[in-house]
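I opened this notebook to keep track of what I looked up, one topic at a time. Each entry begins with what I wanted to know and ends with what I found.

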Amino acid sequence: MGQFEGADSAGEAEDSAQDGGLGILVLQGEEMIRQLAQAHMTWGLGTADRWDLDQTTGLITWTFPDRSATAPAQILGSYSPRAGSWMWAWANPSILPEMSRDARSLRDWGEAHGHHAFTRAKFDADEQAVSTLVAIAVRATRATGFYRGPGGNASVIITFGPVTLTAADGSTSTFDIDIDG
């Protein structure tokens, strides 16, 4: 796991999770991401013509030819493959504090448990490190959606809640995932 220490066995992973360890959280987070992606593909996540994030309203919007989808969102951070770096949302001055609430809670958790990857504002990271961070973050925040917003030099990593689908005729429906059920 690179800069993330994990447990070597299932028993160690359970013990590790109880005291703030990462091994079991990574495995659970990876499984959550897989299930969330599969569920959200049913309404079209990943196929929208465009996406927007409005920090003042806290909403992410995906636009399709015949509908739109909106959801309350949080920004975890950004990843720059070219620079090989990760920056937490709480450290980015262009991100409003309301949009980095989950990232700050992860920083606090990292401080309490001695996991420095959550407490350093910016650090060198590759795809694997970012995948590990995101898996832990999705699990720890109990996010019900995850989106990697493509950008110019960096990708913004976003979690989101219940999705409101609005058809061209104005009718709406809600797509919500109960991660406890």
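**Entry 1: R142**

I began with R142, which counts as partly exposed because its relative accessibility is 36%. I was working with a predicted model, and I kept that in mind throughout. R142 lies in the loop between α4 and β6, the strand of residues 146–149. I then looked up its backbone, and found that phi of R142 is near 55 degrees, a positive value in a residue other than glycine. I noted for comparison that most residues other than glycine have a negative phi.

**Entry 2: the whole chain**

I next stepped back to the chain, which has 181 residues, 41% of them counted as buried. I found 4 helices and 9 strands in the chain. Reading from the N terminus on, I wrote down the order of the elements as α-α-β-β-β-β-α-β-α-β-β-β-β. I also looked up how far along the sequence the contacts reach: among contacts between residues at least 6 apart in sequence, 59% join residues at least 24 apart.

**Entry 3: helix α2**

**Entry 4: α2 against α4**

Two packed helices are described by the angle between their axes and the distance between the axes, so I looked up both values. α2 packs with helix α4, residues 127–141, at an angle of about 80 degrees, and their axes are 7 Å apart. Since angles of 65 to 115 degrees count as roughly perpendicular, α2 and α4 are therefore roughly perpendicular to each other. On the α2 side I found L25, V26, Q28, G29, E30, M32, I33 and L36, which meet T132, V134, A135, I136, V138 and R139 in α4. The residues of this contact divide into 9 nonpolar, 3 polar and 2 charged.

**Entry 5: α3 against α4**

I repeated the exercise for α3 and α4, which pack at an angle of about 100 degrees with their axes 11 Å apart. These two helices are therefore also roughly perpendicular to each other. Here D102, L106 and W109 in α3 meet I136, A137, A140 and T141 in α4. By class, the contact has 5 nonpolar, 1 polar and 1 charged residues.

**Entry 6: the largest nonpolar core**

Which residues touch the most other members of the largest nonpolar core? They are W43, W62, W86, F118 and F160, out of the 47 residues in this core. The elements that give two or more residues to the core include α2, α3 (101–113), α4, β2 (59–63) and β7 (155–160). The largest share, 8 residues, comes from α4. I followed up W62, and leaving aside residues up to four places away in sequence, I found that W62 touches W43, L45, A48, R50, W51, R67, S68, A69, A71, Y147 and F160.

Is A83 buried or exposed? A83 is exposed, with a relative accessible area of 54%, and is found in the loop between β3 and β4. The C-alpha atoms of A83 and N153 are separated by 8.6 Å, although the two residues are 70 residues apart along the chain.

F123 lies in strand β5, residues 122–124, and is buried, with a relative accessible area of 6%. From C-alpha to C-alpha, F123 and W88 are 9.2 Å apart in space, while in sequence they are 35 residues apart.

My last entry is for H113 in helix α3, which is partly exposed at a relative accessible area of 33%. H113 and L22 are 91 residues apart in sequence, and their C-alpha atoms are 9.9 Å apart in space.

How values were computed: Residues are numbered from 1 along each chain as its sequence is written. This is a predicted model: local features need pLDDT of at least 70, side-chain atom pairs count only at pLDDT 80 or more; totals for chains, interfaces and linings use all residues. Side-chain values use heavy atoms; hydrogens and water are left out. Axes are lines fitted to C-alpha atoms, for helices over the stretch in contact, and angles run from 0 to 180 degrees between N-to-C directions. Angles under 35 degrees count as roughly parallel, over 145 as roughly antiparallel, 65 to 115 as roughly perpendicular and the rest as oblique. Contact means heavy atoms within 4.5 Å. Ala, Val, Leu, Ile, Met, Phe, Trp, Tyr, Cys and Pro count as nonpolar, Asp, Glu, Lys and Arg as charged, and the others, Gly among them, as polar. A nonpolar core is a set of buried Ala, Val, Leu, Ile, Met, Phe, Trp, Tyr and Cys residues joined through side-chain atoms within 4.5 Å. Buried means under 20% relative accessible area, exposed over 50%, partly exposed in between (1.4 Å probe, protein chains only).
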